[in-house]
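I wanted to go through the side-chain pairings of this model and write down what I looked up, entry by entry.

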Amino acid sequence: MLFQFRYSGSAEKVRRALRQKGVPWNTTEVEWFNREPVERLTNQKLVPVFVHGSTVLGPNSWSIARYVEDHFPGPSLFPNDSTAQCFVVNEYCEKTLYTLGCRAFMPYAALLFGYDDRIEADVKRITGTSREHLDRTLGNTCDDWLKQFEYLDDHFRNRQFYLGKELSFADHAIYSWYWFSVNNPEFRDLIEPKVPPHARAWIDRMKAWYYTDIFAGYCESAKCQ
Ligand SMILES: N[C@@H](CCC(=O)N[C@@H](CS)C(=O)NCC(=O)O)C(=O)O
């Protein structure tokens with residue numbers, strides 16, 4: 001069972017890891033303003049949390065991925081001895097790309113969470129600034145994302161996936177924060193025409209392999225088997 005916000009980039013990483021391992025799963029959707037199900041279980045308010053039998057993991061997508069790798073058969077999330085490489089990439093994603101993702105997505109959050117006075121405080125806590133400022137500086141956020149793609153574009157010129165020929169958790173880690181960002185339609189319209197071609201091709205491959213549409217319902221285990 002995966003406790004998630006369906007729009008969370010960290011939850012998307014976990015869904016993709018489960019999908020790669022061929023593990024069927026169920027989800028419990030946690031409401032932004034009522035986190036009781038996850039609090040009851042873990043005494044804290046963040047997702048993703050993964051429950052397998054009596055094991056409760058999270059809120060940390062890396063530790064969930066490690067557990068899934070060790071407890072289920074199926075293609076490795078860390079092929080060819082790449083655990084350390086994937087770890088380093090994931091750390092970069094959880095800092096740099098997470099920050100950019102929140103700047104891109106949070107101006108749109110109220111529309112998804114439902115408007116509530118508490119949203120301003122949450123946006124401030126998570127991004128350090130106001131929704132209005134994030135909206136006004138969405139173009140800068142787009143430029144900062146494109147800077148990440150400058151190197152990645154070159155990297156993907158001759159590689160199908162981050163490590164080369166094989167899909168790994170590094171792909172899920174990078175892609176999931178891009179996916180999170182472009183769930184804000186205004187941000188998507190800004191960045192999509194500008195993503196350089198090799199990065200674009202990689203995004204399209206990631207998207208074709210697995211896609212969570214947060215507006216048309218989200219991944220159910222049935223769809224992922
Ligand atoms: N960053 C952790 C997960 C913990 C976390 O930051 N969770 C975010 C989901 S994107 C969250 O629950 N945010 C809600 C909040 O800050 O109120 C990971 O590596 O997976």
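I looked up Arg136 and found that, at 56% relative accessibility, Arg136 counts as exposed, where exposed means over 50% relative accessible area, buried under 20% and partly exposed in between, with a 1.4 Å probe and protein chains only. Its salt-bridge partner is Glu132, with the closest N and O atoms 2.9 Å apart; a salt bridge here is a side-chain nitrogen of Lys or Arg within 4 Å of a carboxyl oxygen of Asp or Glu. Glu132, at 47% relative accessibility, counts as partly exposed. The two residues are four apart in helix H6 (residues 131-136), so about one helical turn separates Arg136 from Glu132; helices (H or I, at least four residues) and strands (E, at least two) are DSSP runs numbered from the N terminus.

I noted for all entries that this is a predicted model, in which local features need pLDDT of at least 70 and side-chain atom pairs count only at pLDDT 80 or more, while totals for chains, interfaces and linings use all residues. Residues are numbered from 1 along each chain as its sequence is written, and side-chain values use heavy atoms, with hydrogens and water left out.

I then checked a pair in helix H10 (residues 197-209), where Asp204 and Arg200 are four residues apart and hence separated by about one helical turn. Asp204 forms a salt bridge with Arg200, the closest N and O atoms being 3.0 Å apart. Asp204 is partly exposed at a relative accessible area of 37%, whereas Arg200, at 18%, counts as buried.

I picked out Glu69 with Lys21, whose closest N and O atoms are 3.1 Å apart. Glu69 lies in helix H3 (residues 61-71) and Lys21 in helix H1, so the pair ties together parts 48 residues apart in sequence. Both Glu69 and Lys21 are buried.

Next I went to the rings, where the count is 19 aromatic pairs; rings of Phe, Tyr and Trp (its six-membered ring) pair if their centres lie within 6.5 Å, and planes under 30 degrees apart count as stacked, over 60 as edge-to-face and the rest as tilted. Tyr7 and Phe105 have ring centres 5.9 Å apart and planes at 20°, so this pair is stacked. Since Tyr7 lies in the loop between strand E1 (2-4) and helix H1 (9-21) and Phe105 in helix H4 (residues 83-113), the pair ties together parts 98 residues apart in sequence. Both Tyr7 and Phe105 are buried.

For Phe149 and Tyr178 I found ring centres 5.5 Å apart and planes at 70°, so the pair is edge-to-face. Both Phe149 and Tyr178 are buried.

Last, I looked at H1, in which 12 of the 13 residues are buried. What covers these buried residues includes E1, strand E3 (49-52), H3, H4, H8 and H10, with contact taken as heavy atoms within 4.5 Å. Just after H1, Gly22 takes a positive phi of about 70°.
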